[in-house]
Amino acid sequence: MVNTKVDLLGLELDNPVIPASGTFGFGYEFAELYDINCLGSFSFKGTTLEGRFGNPTPRIAECPQGMINSVGLQNPGVHKVISEELPKLKEVFNKKVIANVGGFAIEEYQECARLLDAQEQVGILEINISCPNLHAGGVNFGTDAKNAAAVIGAVKKVTKKPVMAKLTPNVTDITEIALACEAAGADGISMINTLLGMRIDLKTKKPVIANKMGGFSGPAIMPVALRMVYQVYEKVNVPIVGMGGISRAEDVIEMMLAGATAVQVGAANLVNPFACRDIINDLPQVMEKYNISSLKEIIGGAH
């Protein structure tokens, strides 16, 4: 009998599989398809202080082995998330969830995190530092070590819950950003967010996405994500949640060997709404195939 349980920042997860923010809504839509309590946890839709309509359409472009999106953090705002979304979620999911927090100024991150910290359902705060800093000319917080650390440090002042920094891969050295976040108090790292990509429509000869560029995700990016998780694992002393192109149980094990304590599944949910359930069902069989009795024992095993 294999053991799929892992410990993530004080939460014992039945398995390491977590739907990634932005690909699973607030959970209850998927609960109409299957019992989502089979999940380790899940990271709900990126939440900002004020509600956002998001970016202009078209926002989605298909690619071989992936997709590009530029949704733009569309969400109802933290107050509605707390008053409307979380109560609906509680009816279908009885485990702690991960709250994904976005912002365009440090004060916004801080207030949003403070409000979500008070919610019993929230077990971990995942701080998306890939947002553009409106006070610094739109440069993403996560591409500068000082800015990234400033966000994490500010959030840590207003929360008692574990804080994970969600890192962008669109940097020269991701370990520098990870170390800065750890030094600022991050309890964990989640990585990677999407790569920057684009498509051009041959008929119109214009970019497919209204914003020209967007976040590239899907199976094609897994080797990049795996490499970055491997690099960061060798530098930091906090747990890592690995993501980027995971679509099957074998990918979960590979990411854990690179150093991830748990994983997030993103684009695969948009292709197959049963993706996370199927990965969880397949995990024990794949573990047995590779003589793995406990997932806890393989974390970082490739080092």
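Met-198 is placed in the loop that connects strand 10 (195-197) with strand 11 (200-201), where helices (H or I, at least four residues) and strands (E, at least two) are DSSP runs numbered from the N terminus. With a relative accessible area of 39%, Met-198 is partly exposed; buried denotes under 20% relative accessible area, exposed over 50%, and partly exposed the range in between (1.4 Å probe, protein chains only). Together with Leu-196, Ile-200 and Met-213, Met-198 forms a nonpolar patch on the surface, with about 390 Å² of accessible area in total. Patches consist of residues with over 30% relative accessible area and no salt bridge, like charges being joined within 9 Å and nonpolar side chains (Val, Leu, Ile, Met, Phe, Trp, Tyr) within 5 Å; the accessible areas come from the Shrake-Rupley method with a 1.4 Å probe, and for residues only the protein chains shown count as cover.

The model is a predicted one, in which local features need pLDDT of at least 70 and side-chain atom pairs count only at pLDDT 80 or more, whereas totals for chains, interfaces and linings use all residues. Residues are numbered from 1 along each chain as its sequence is written, and side-chain values use heavy atoms, with hydrogens and water left out.

Strand 4 and strand 5 (residues 66-69) run antiparallel and are joined by four bridges, and Glu-62 stands opposite Met-67 in strand 5.

A parallel arrangement is found for strand 6 (residues 97-101) and strand 7 (residues 122-128), which pair over five bridges, with Ile-124 of strand 7 as the bridge partner of Ile-98. Strand 6, helix 3 (residues 106-117) and strand 7 make up a right-handed β-α-β unit, a crossover being right-handed if, with the strands pointing away from the viewer, the path from the first strand over the helix to the second runs clockwise. In a regular strand the side chains alternate between the two faces of the sheet. In strand 6, Val-97, Ala-99 and Val-101 point one way and Ile-98 and Asn-100 the other, all of them buried. Strand 7 is likewise mostly covered, with seven of its seven residues buried, and strand 7 pairs in the parallel sense with strand 8 (residues 163-166) over four bridges, Val-163 being the bridge partner of Leu-125.

Eight salt bridges are counted, each defined as a side-chain nitrogen of Lys or Arg within 4 Å of a carboxyl oxygen of Asp or Glu. One of these joins the side chains of Asp-7 and Lys-296 (3.3 Å, N to O). Asp-7 lies in strand 1 (residues 6-8) and Lys-296 in the segment after helix 9 (275-289), so the pair ties together parts that are 289 residues apart in sequence. Arg-248, partly exposed at 43% relative accessibility, forms salt bridges with Glu-250 at 3.7 Å between the closest N and O atoms and with Asp-251 at 3.2 Å. Asp-251 is buried, with a relative accessible area of 5%, and salt bridges that share partners join Arg-248, Glu-250 and Asp-251 into one network.

Conventions
Pairing = 2+ DSSP bridges.
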